[in-house]
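Q: I am new to this structure and would like a short tour. Could we begin with how its helices pack?

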Amino acid sequence: MQPDLQAIAQKIREIARAEILSRFERVGYEFKDDGSVLTEADLAANQGITDYLQAHYPEIPLLSEEMDEAQQTRLLRESSVLWCLDPLDGTSNFASGIPLFATSLALFQAGRVVLAITYDPFRDELFTASRGQGAYLNGKPLRCRQTGFKLKHAVALVDFKRLPKLMQWVLLEHTPYGSQRNLGASTLEWAWMAANRGHVYLHGGMKLWDLAAGSLILAEAGGYSSGLNGEPVSLVNLAHNSVVASPDHELFTQWLAFLQTYNDHV
């Protein structure tokens with residue numbers, strides 16, 4: 001059965017509102033072994049979405065952030081078709097009362113993302129994309145556009161974690177952009193680039209479930225992305241992957257060229 005993007009997206013919306021939004025500012029948290037935050041909302045959303053997908057698409061395996069790495073590695077190695085789920089991205093925001101978090105789901109076929117959903121339950125914003133069919137926000141087409149900003153005036157979304165040390169220092173001491181933000185939710189940052197919210201983006205290292213849906217949403221909206229090395233963002237492993245992005249081709253080119261000058265990982 002070919003997955004129905006709109007039906008799945010609406011179910012994601014329903015589950016996220018029931019299991020995540022209803023718990024916002026109402027539940028505690030704990031820490032995983034890797035130091036990341038886990039809440040009851042992560043687990044409830046993960047279970048709800050897993051149950052739905054297994055009931056409707058039992059032939060498609062599911063890789064979730066909440067699985068252990070051995071399971072994730074096996075699924076990625078053995079499955080030509082695969083769901084990739086982050087039930088609650090921005091958990092530390094969620095646990096801290098900051099309303100910047102999202103649920104994200106992507107469908108891989110032969111190593112490429114073909115369907116993508118990112119849902120922000122706090123703002124009720126549903127971002128969707130299907131390969132070759134465009135990207136949408138609450139059913140309205142998303143189209144990236146030229147910003148009209150020069151890099152020195154641009155608003156940059158930058159997450160400094162895992163950036164090369166030289167690059168961190170340069171960005172702090174010789175800032176090339178106008179001002180900087182960090183949402184603390186990678187899936188939202190991809191979606192916001194696609195919606196022309198901010199001008200350039202940089203993340204030092206995100207996992208597969210952080211970038212799978214967003215990379216397709218931005219591409220289908222007409223935006224641009226790569227790793228710091230200029231190569232396409234990797235969709236084939238569980239390693240941390242750097243991301244450079246912009247809705248504006250000219251800004252993307254300037255931004256990537258500036259960053260590569262100070263990339264001591266190359």
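**Helix packing and selected residues**

A: Ser 186, Thr 187, Trp 190, Met 193 and Ala 194 of helix H6 are in contact with Trp 209, Asp 210, Leu 211, Gly 214, Ser 215, Ile 217, Leu 218 and Ala 221 of helix H7. Contact means heavy atoms within 4.5 Å. Helices (H or I, at least four residues) and strands (E, at least two) are DSSP runs, numbered from the N terminus.

Q: What classes of residue make up the contact of H6 with H7?
A: That contact has eight nonpolar, four polar and one charged residues. Here Ala, Val, Leu, Ile, Met, Phe, Trp, Tyr, Cys and Pro count as nonpolar, Asp, Glu, Lys and Arg as charged, and the others, Gly among them, as polar.

Q: Where does the model come from, and how are residues numbered?
A: This is a predicted model, in which local features need pLDDT of at least 70 and side-chain atom pairs count only at pLDDT 80 or more, while totals for chains, interfaces and linings use all residues. Residues are numbered from 1 along each chain as its sequence is written, and side-chain values use heavy atoms, with hydrogens and water left out.

Q: At what angle do the axes of H6 and H7 cross?
A: The axes of H6 (residues 186-194) and H7 (residues 208-221) cross at roughly 5° and come within 8 Å. Axes are lines fitted to C-alpha atoms, for helices over the stretch in contact, and angles run from 0 to 180 degrees between N-to-C directions. H6 and H7 are therefore roughly parallel to each other. Angles under 35 degrees count as roughly parallel, over 145 as roughly antiparallel, 65 to 115 as roughly perpendicular and the rest as oblique.

Q: And how do H5 and H8 pack?
A: Helix H5 (residues 165-173) and helix H8 (residues 249-261) have axes 9 Å apart, at an angle of about 120°. That makes H5 oblique to H8. Met 167, Val 170 and Leu 171 of H5 make the contact with Trp 255, Phe 258 and Leu 259 of H8.

Q: Which residues of H8 are buried?
A: They are Leu 251, Phe 252, Trp 255, Leu 256, Phe 258 and Leu 259. Buried means under 20% relative accessible area, exposed over 50%, and partly exposed in between (1.4 Å probe, protein chains only). Seen down the axis of H8, the buried residues fall within an arc of 160°, so they line one face of the helix. The arc is that of the directions from the helix axis to the C-beta atoms.

Q: What covers them?
A: The cover includes strand E10 (155-159), H5, strand E12 (200-206), strand E13 (224-226) and strand E14 (241-246).

Q: Back to H6: is Leu 188 buried or exposed?
A: Leu 188, located in helix H6, is buried, with a relative accessible area of 0%. Leaving aside residues up to four places away in sequence, Leu 188 touches Asp 89, Leu 100, Phe 101, Ala 102, Asp 120 and Leu 183.
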